[in-house]
Amino acid sequence: MTTDPIADMLTRIRNALGARHLKVDIPASRLKMEIARILKDEGYIANYKPTEEGSRKYIRIYLRYTSPGNVPVISKIERVSRPGCRVYVGGSKIPRVLGGLGVNILTTPRGVMTGRDARKSGVGGEILCQVW
């Protein structure tokens, strides 16, 4: 059992991209499903789907690569808020990732959303991770 399941998810994605895998299986939870949904909506992954093997539930994430050179679309994916040091921001203080080229994923009172959507809605929350 891991103490930080979100960091485990991001590390599995990072490792699969480094090994040039087409897909990666991650133990499922509702928060991880929402993170996968945002990654798909923002175009960082090709697709995702919930799967089951026996009694265990997984999220199968299909990774995305660029056509020439087979370079991963995700350059970097990193955890911001950790169990030992939570990072909370207000709606007007949400940082931009690489001047708007990347995306940060927040958990807010209105659900899991990107930093851009949270800024538009005027809600703050905990910054889970950054992707670019």
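Let me begin with a definition: a residue is called buried when its relative accessible area is under 20%, exposed when that area is over 50%, and partly exposed in between, computed with a 1.4 Å probe on protein chains only. A second term is needed as well: helices (H or I, at least four residues) and strands (E, at least two) are DSSP runs, numbered from the N terminus.

Good morning. The structure above is a predicted model, in which local features need pLDDT of at least 70, side-chain atom pairs count only at pLDDT 80 or more, and totals for chains, interfaces and linings use all residues. Residues are numbered from 1 along each chain as its sequence is written, and side-chain values use heavy atoms, with hydrogens and water left out.

I shall start with helix 2, which covers residues 30-41. This helix has twelve residues and reaches 16 Å from its first C-alpha to its last, close to the expected 16 Å. The expected span is 1.5 Å times one less than the number of residues.

Which residues of helix 2 are buried? They are Lys32, Ile35, Ala36, Ile38 and Leu39. These residues lie on the same side of helix 2, because they cover an arc of only 160 degrees around the axis; the arc is that of the directions from the helix axis to the C-beta atoms. The face turned away from this buried side carries the exposed residues Arg30 and Asp41. Just after the helix, Gly43 takes a positive phi of about 90 degrees.

Let us now turn to charged side chains. Side chains of opposite charge can pair when their charged atoms come close. Here, a salt bridge is a side-chain nitrogen of Lys or Arg within 4 Å of a carboxyl oxygen of Asp or Glu. How many salt bridges does the structure hold? The structure holds eight, and I shall discuss some of them.

One of them joins the side chains of Arg37 and Glu34, at 2.8 Å from N to O. Both residues lie in helix 2, three residues apart, which is about one turn of the helix. Arg37 is partly exposed at 28% relative accessibility, and Glu34 is partly exposed at 30%.

Arg37 also meets Asp41 in a salt bridge, at 3.3 Å from N to O. Why are Arg37 and Asp41 separated by about one helical turn? The reason is that they are four residues apart in helix 2. As a general point, an α-helix has 3.6 residues a turn, so residues three or four places apart point the same way. Asp41 is exposed, with a relative accessible area of 55%.

A further salt bridge brings together Glu42 and Arg116, at 3.1 Å from N to O. This pair links distant parts of the chain, 74 residues apart: Glu42 is in the loop between helix 2 and strand 2 (45-53), and Arg116 is in helix 3 (residues 115-121). Glu42 is partly exposed at 30% relative accessibility, and Arg116 is partly exposed at 38%. Salt bridges that share partners also join Glu34, Arg37 and Asp41 into one network.

Next, the strands. Two strands pair if DSSP finds at least two bridges between them. Strand 1 (residues 23-27) and strand 3 (residues 56-63) run antiparallel and are joined by five bridges, with Pro27 opposite Tyr58. Strand 3 is also joined to strand 2, by eight bridges and again antiparallel; there, Lys49 has Arg60 as its bridge partner. Strand 2 and strand 3 form a hairpin with two residues between the strands, where Gly54 takes a positive phi near 70 degrees.

Strand 6 (residues 103-108) is largely enclosed by the rest of the structure, because five of its six residues are buried. Strand 6 pairs with strand 8 (residues 125-131) in the antiparallel sense over five bridges, and Val103 stands opposite Val131. Strand 6 also pairs antiparallel with strand 7 (residues 111-114), over four bridges, with Thr108 and Gly111 as bridge partners. Two residues lie between strand 6 and strand 7 in their hairpin.

Finally, the cysteines. A disulfide is a covalent bond between the sulfur atoms of two cysteines. The rule applied here asks for a pair of cysteine sulfur atoms within 2.5 Å, and by this rule the count is zero. Cys129 itself is buried, with a relative accessible area of 0%.

Thank you for your attention.
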